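The following paragraphs lead the reader through the arrangement of strands, helices and chains in the structure shown here.

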Number of protein chains: 2
Amino acid sequence: MSFPCLEKLEQRTKNLEENLENGPEPAYSKITRENVEIYKSNEPLFLDYGGYLPQYEVAYETWGTLNSDKSNAILLHTGLSASSHAHSTEKNPKKGWWEGFIGPGKYLDTDKYFIVCTNVLGGCFGSTGPQSIDPMLGEPYATRFPILSVNDMVRAQHELIINQFGIRKLHASMGSSMGGMQCLAYAHEFTDEVNKIISISGCARSHPYSIAMRHCQRQVLMTDPNWNKGHYYGQLPPHTGMKLAREIATITYRSGPEWEQRFGVERADPSQKPALCPDFLIETYLDHAGEKWCLEFDPNSFLYISKGMDLFDLGERNRTKASKSRYQSENIYFGEVVSETDLEYKSSTSCSFVEPIKTKRSRRFTAEEAEEDLLKGLSKFAHKDVLVIGVESDILFPAWQQREIASMLSKGSKLKGGDGSNIKHVELSETDSFYGHDTFLLAMDHIGKPVSEFLSVD
Amino acid sequence: MSFPCLEKLEQRTKNLEENLENGPEPAYSKITRENVEIYKSNEPLFLDYGGYLPQYEVAYETWGTLNSDKSNAILLHTGLSASSHAHSTEKNPKKGWWEGFIGPGKYLDTDKYFIVCTNVLGGCFGSTGPQSIDPMLGEPYATRFPILSVNDMVRAQHELIINQFGIRKLHASMGSSMGGMQCLAYAHEFTDEVNKIISISGCARSHPYSIAMRHCQRQVLMTDPNWNKGHYYGQLPPHTGMKLAREIATITYRSGPEWEQRFGVERADPSQKPALCPDFLIETYLDHAGEKWCLEFDPNSFLYISKGMDLFDLGERNRTKASKSRYQSENIYFGEVVSETDLEYKSSTSCSFVEPIKTKRSRRFTAEEAEEDLLKGLSKFAHKDVLVIGVESDILFPAWQQREIASMLSKGSKLKGGDGSNIKHVELSETDSFYGHDTFLLAMDHIGKPVSEFLSVD
């Protein structure tokens, strides 16, 4: 039996090795800073799970014009692998990932709105991430980079919104997938600074299946010997691990019904003997998805953002603990606490780290307690106008998660004396879209109509 | 950040390397031949996808007593990773994987029935597989082993049933998961030699999501450098690839609802800082599943059986092509065809291989044609008594696949002049079992009651 799929990997290793000697660097390390705007903060960002970034940058792009009273801004949040390039710009005429969605007269109407899209913290498209130089060491953070939460990402975005643009209140905070997490996180952190929230194919808390799928992606990457515990910069990148991780991820992005129709159980070439290398059409599709991506994204960024998604939880327990942890890091940083324990923390921080606060192991929640906890967390912004969109064929962020957001917010709204009518929920049936999680990229009309209507209603 | 999960892998590599020098061999190579019975065939087995095994062995175990007219035999087919050890025996008192299901007065009542369970061809528990010695070369087949179909596996079982026991008609052919595929394949191949068929959490044709999940498992294994294109016998086994493959597989064996209740989004130790190594309870569960299995099963057996599952398709097109291919191999083997092309095939066969018959690339089926094709294939045995059991929470062999089998067989029954009442279908709701694909191992009462009733009705 022959193994062309393995030979392809060996060939890429060889090519990369040659390029490492002669330059240029692998594709993923070409950060597109020249195509984006950069906001730089010299203030530290304190983090939910301990530690801080002493300084950081947020790369972003904008479309449309900010009006005089700064009331027409929409902050668009991205998914895991997307950059801020949602639409072409003067600096970068390449089509963006939501090119058809944004523009004059489009669903996100640039004649009306000023749209800001950022590259998330921890990513590899210009914002501070694991490949950035740690100012304390003068070399890339790599896996010395601190664990980030989705809430940490939005706190960095908030600094941009306030300090760069002076926007005191966003017209809307919106996004899909991890972007759907971020816009809820933004509303949770800065409730009074946002009018409307649109969460598409997102969730309020990760669930075990999605954590399991991301866990496998991280494990296949981390066991690639070239990953080298994250210290591969300037060396051979873990392209095989990245390819495999993307193949697993791709399974979660699309769905059974689409694949049934598109690939069925057809083999790529039925005249050939079956093989252990990609053979069925569905396999060649996954293989191609992995090939396309394996050098396009920084492996460490992938790990950190993926982990941040696992940790996402707007329940009260998680948020309270995070606030406490940040507060303690701040105190230590500003030297306001002088207990011996705190000094121990302080002295043990090499570069930008503060050890996590050790707390007693918390008792596990029952299902009821977990629900109650999430209700408490979401209630914080349940009086706001929220649009939640879910997709029946999504297996990664299943429709029940969007129903959960909507019903909890609605309950929360009533607890606050409202009638729940401020919470809108749209669910696309399998007939509307069989594209699964990727629906927001593919069935734009089904997403766009409720979005533009929700944005324009006072 | 520390990476205990990677250090654990390094430690295992080290331990295995030491053991390779001093013996004993890694666990998966200890074939349990002393605990099973062996049927040996010196006749070749011609294979669906070309080639043949010149000789082969089928390892098996039995429970109960074959009655005088040999009418009480049940052939029990296994899933991918299970051995023939469904129940303890005198030779092997270790509890079997269906210990509670089989026995006097149990759902598979050994006071009434004679039960035979085999180790599938291609496996690693005593039947001929990739680790067996290729008689032409005097060394393990490894990836020179031919591609096997599920139908090939049941043809080998049939030889055992006929030649070892002289059973002309089975009371029942039954199984779960890949065993559910096998019992349908058995009925398709030997329609008149089986009374009743019980397919649990099986399917009549694989579907793209399950192929995709198995593809990823195979890829992570094959890219482990220790897999060495299948030639690792006597060397370091690809334990890391096997561990990762099992973690991915484990996701497909259980289900969201169970995990929500069992693990929720609790971290294993919330007092610790989040980590990239297993951290959430669900991650430690997957990690443990991978650890347990990584040296228990021959990696090549895993690849071949997994591939056989992908290829499973009882549609008429697939079955006709397979028959033709076997017929041509047989003709070549017995020297009955002397065309130049055939001679070419013959001369090119090193060891036991016959090159596949090159046919014109077939046109892709539309969804309707695919359905029609499957109906034709299943109609072959649609007049038999069939019980199909599906589980709503199964994501690997979803309930729609069992509905598909039942409705097609029912349609086929009517086409043959029956009324469809010979086809029974049971679907377990999420309330009956939230265990997903593993339900047959865990919610035995829900499976056992319809099974024993179906077996006892005339």
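Lys196(A) has Asp385(A) as its bridge partner in S13(A). The model in which this pair is found is a predicted one. The two strands concerned are S12 (residues 194–200) and S13 (residues 385–391) of chain A, which run parallel and are joined by five bridges.

Both strands belong to an open sheet of eight strands in chain A, whose order is S1-S4-S8-S5-S11-S12-S13-S14 and whose pairing is mixed. At its edges are S1 (37–41) and S14 (423–428) of chain A, each of which pairs on one side only. From one strand to the next, the twist averages 20 degrees.

In chain B, eight strands likewise form an open sheet, with the order S1-S4-S8-S5-S11-S12-S13-S14 and mixed pairing. Strands S1 (37–41) and S14 (423–428) of chain B stand at the edges with a single partner strand each, so one side of each has no neighbour in the sheet. Direction ignored, neighbouring strands of this sheet are turned against each other by 20 degrees on average. An antiparallel pairing within the chain B sheet is that of S4 (residues 56–63) with S8 (residues 114–118), which extends over four bridges. There, Trp63(B) has Ile115(B) in S8(B) as its bridge partner.

Helices lie across these sheets. In chain A, H2(A) lies across S1, S4 (56–63), S5 (73–77), S8 (114–118) and S11 (170–176), and it runs at about 65 degrees to S4(A). H3(A) lies across S5, S11 and S12 of chain A, with an angle of about 145 degrees to S11(A). In chain B, helix H2 (residues 150–164) lies across S1, S4, S5 (73–77), S8 and S11 (170–176), running at about 65 degrees to S4(B). Helix H3 (residues 178–189) of chain B lies across S5, S11 and S12 (194–200), and its direction makes an angle of about 145 degrees with S11(B).

How are two packed helices described? The description consists of the angle between their axes and the distance between the axes. For H2 (residues 150–164) and H3 (residues 178–189) of chain A, the angle is about 65 degrees and the axes are 9 Å apart. H2(A) is therefore roughly perpendicular to H3(A). The crossing in which H2(A) passes H3(A) is right-handed. On the side of H2(A), the contact is made by Val150(A), Asn151(A), Met153(A), Val154(A), Arg155(A), Gln157(A), His158(A) and Ile161(A), and on the side of H3(A) by Met178(A), Met181(A), Gln182(A), Ala185(A), Tyr186(A) and Glu189(A). Eight residues of the contact of H2(A) with H3(A) are nonpolar, four are polar and two are charged.

From H4(A), the residues Ile211(A), Arg214(A), Gln217(A), Arg218(A), Leu221(A) and Met222(A) meet Pro299(A), Phe302(A), Leu303(A), Ser306(A), Lys307(A), Met309(A) and Asp310(A) in H8(A). The contact of H4(A) with H8(A) comprises seven nonpolar, two polar and four charged residues.

Helices also pack between the chains. H7 (residues 281–293) of chain A packs against H4 (residues 208–222) of chain B at an angle of about 55 degrees, with their axes 9 Å apart. This makes H7(A) oblique to H4(B), and H7(A) passes H4(B) in a right-handed crossing. Here Ile282(A), Glu283(A) and Leu286(A) in H7(A) meet Pro208(B), Ile211(B), Ala212(B), His215(B) and Arg218(B) in H4(B). Of the residues in the contact of H7(A) with H4(B), five are nonpolar, one is polar and two are charged.

It remains to relate the two chains. Two copies of a chain are related by a rotation about an axis and a shift along it. The same surface serves both copies, with 99% of the contact residues of chain A recurring in chain B.

Definitions and conventions: Residues are numbered from 1 along each chain as its sequence is written. Chains are lettered from A and ligands numbered from 1 in the order in which they are written. This is a predicted model: local features need pLDDT of at least 70, side-chain atom pairs count only at pLDDT 80 or more; totals for chains, interfaces and linings use all residues. Side-chain values use heavy atoms; hydrogens and water are left out. Contact means heavy atoms within 4.5 Å. Ala, Val, Leu, Ile, Met, Phe, Trp, Tyr, Cys and Pro count as nonpolar, Asp, Glu, Lys and Arg as charged, and the others, Gly among them, as polar. Two strands pair if DSSP finds at least two bridges between them. Axes are lines fitted to C-alpha atoms, for helices over the stretch in contact, and angles run from 0 to 180 degrees between N-to-C directions. Angles under 35 degrees count as roughly parallel, over 145 as roughly antiparallel, 65 to 115 as roughly perpendicular and the rest as oblique. A crossing is left-handed if the near helix is turned anticlockwise from the far one by less than a right angle, and right-handed if clockwise.
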